[in-house]
Amino acid sequence: MDDFVRIVEVGPRDGLQNEAQPVATADKIELIRQLSLTGLRSIEATSFVSPRWVPQLADAAEVYAGIERRPGIDYPVLVPNEQGYNRARSVGVEEVAVFTAASETFNRTNTNAGIDESLARFAPILERARADGVKVRGYVSTVLGCPYQGEVAVSEVVRVARALHDMGCYEISLGDTIGVGTPRKARAMLKAVASEIPMPALAVHFHDTYGQALANIDACLDEGVRVVDAAVSGAGGCPYAKGASGNVASEDVVYLLHGIGMRTGIDLLALAATGRWLAARLGRETGSKAGKALAAL
Ligand code: HMG
Ligand code: MG
């Protein structure tokens, strides 16, 4: 089995979209610069959503225009609608991510649209992206539980993931938005989705609210997934998901992967240093256990 795992670093986007304090545009650009030197191949840079909904990322255009895009690294951004796509393209974005959910109530809270309505919004984006040569990733949120509806049917996760894949998303990221999943459930969900979509087109995206993220990732690796989303220093959370805490820390994921003999191409010490730098900028300790341990060496 292939032992290379691609980490999709979502810290600059998922990590910062919920920050209580404003983060300077220059710091966001510096974060992406540092991450670009660690060996990461995908760095989600920001989000072209409505600044009224997510004021923390209102500077998306300035951030994207300010980063140095290094060869061999993709810098995707979130877009919720065509307006976001236009804004992203005007600063030269070459990969976007669209996002919906497996829970109707969550999706309405997060994007003011039902699931099918959001899929309909994406259709013209996918069409234009195809013509523009832009890659499109798709997110399904609340795959293991919803803050408003509770249990989420696996059949609904499969249906929505499939719709995104059929539309042309090259990769579907399955998000445990509020971090309520546990390993067997996570693995069963992934297996169900992989029965309809090829595993190489799937990614997992775990928040660590209940401390289960690494265990969930390990279980999903056993099932065959080879793309894992994570945020340096464990930053993050969705402002429209009550109770959502940070993403799993990228440093902890890389430590796990290297420990079980998998390759990431990432320099763990450099990544951990970046995590501590970010945490210091945000006025706290890093949320990565590996990041803390490596600082003490
Ligand atoms: P809406 O209010 O229904 O939008 O929001 P609208 O089309 O009626 O427009 C209202 C206003 O917003 C207008 O401005 C538009 O111009 C503006 P006004 O005329 O009133 O001044 N607007 C925009 N401005 C800039 N860029 C845009 C844009 N679109 C509209 N793209 C909308 C609908 C989808 C826009 C809104 O709900 C939104 O932006 N939601 C995003 C919420 C969000 O970012 N959530 C976090 C990301 S998802 C996540 O974290 C989960 C994930 O990590 C995976 C996981 O963990 O599961 C991905
Ligand atoms: Mg998330």
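Which hand does the crossing of α7 and α8 have? I found it right-handed. A crossing counts as left-handed if the near helix is turned anticlockwise from the far one by less than a right angle, and as right-handed if clockwise.

Ground rules next. This is a predicted model, in which local features need pLDDT of at least 70 and side-chain atom pairs count only at pLDDT 80 or more, while totals for chains, interfaces and linings use all residues. Residues are numbered from 1 along each chain as its sequence is written, and chains are lettered from A and ligands numbered from 1 in the order in which they are written. Helices (H or I, at least four residues) and strands (E, at least two) are DSSP runs, numbered from the N terminus.

**Helix α7 on α8**

I looked up the angle between helix α7 (residues 154-167) and α8, and got about 45°, with the axes 9 Å apart. That makes α7 oblique to α8. Under 35 degrees counts as roughly parallel, over 145 as roughly antiparallel, 65 to 115 as roughly perpendicular, and the rest as oblique. The axes are lines fitted to C-alpha atoms, for helices over the stretch in contact, and the angles run from 0 to 180 degrees between N-to-C directions.

Then I listed the contact. Val154, Val157, Val158 and Ala161 of α7 meet Met189, Ala192 and Val193 of α8. Contact here is C-beta atoms, placed from the backbone, within 7 Å. By class I have seven nonpolar, no polar and no charged residues. Ala, Val, Leu, Ile, Met, Phe, Trp, Tyr, Cys and Pro count as nonpolar, Asp, Glu, Lys and Arg as charged, and the others, Gly among them, as polar.

**Helix α8 on α9**

Helix α8 (residues 183-194) and helix α9 (residues 213-223) have axes that come within 8 Å and cross at roughly 40°. The crossing is right-handed. From α8 I noted Pro183, Arg184, Ala186, Arg187, Leu190 and Lys191; from α9, Ala215, Asn216, Ala219, Cys220, Asp222 and Glu223. This contact divides into six nonpolar, one polar and five charged residues.

**Helix α10 on α11**

For helix α10 (residues 250-259) and helix α11 (residues 268-281), the axes come within 9 Å and cross at roughly 160°. That makes α10 roughly antiparallel to α11. α10 passes α11 in a left-handed crossing. Ser250, Glu251, Val254, Tyr255 and His258 of α10 make the contact with Leu268, Leu271, Ala272 and Gly275 of α11. I read five nonpolar, three polar and one charged residue there.

**The sheet**

In what order do the nine strands run? I traced an open sheet, β2-β1-β9-β8-β7-β6-β5-β4-β3, with parallel pairing. Strands pair if DSSP finds at least two bridges between them. β2 (42-43) and β3 (46-47) stand at the edges with a single partner strand each, so one side of each lacks a neighbour in the sheet.

I followed β1 both ways. Strand β1 (residues 6-9) pairs with strand β9 (residues 227-230) over four bridges, and with β2 over two bridges. Val8 stands opposite Asp229 in β9 and opposite Ser42 in β2.

Strand β4 (residues 77-78) pairs with strand β5 (residues 95-101) over two bridges. Leu78 stands opposite Ala97 in β5. Helix α6 (residues 115-132) lies across β5 and β6, at about 165° to β5.

Methods. Contact = placed C-beta atoms within 7 Å.
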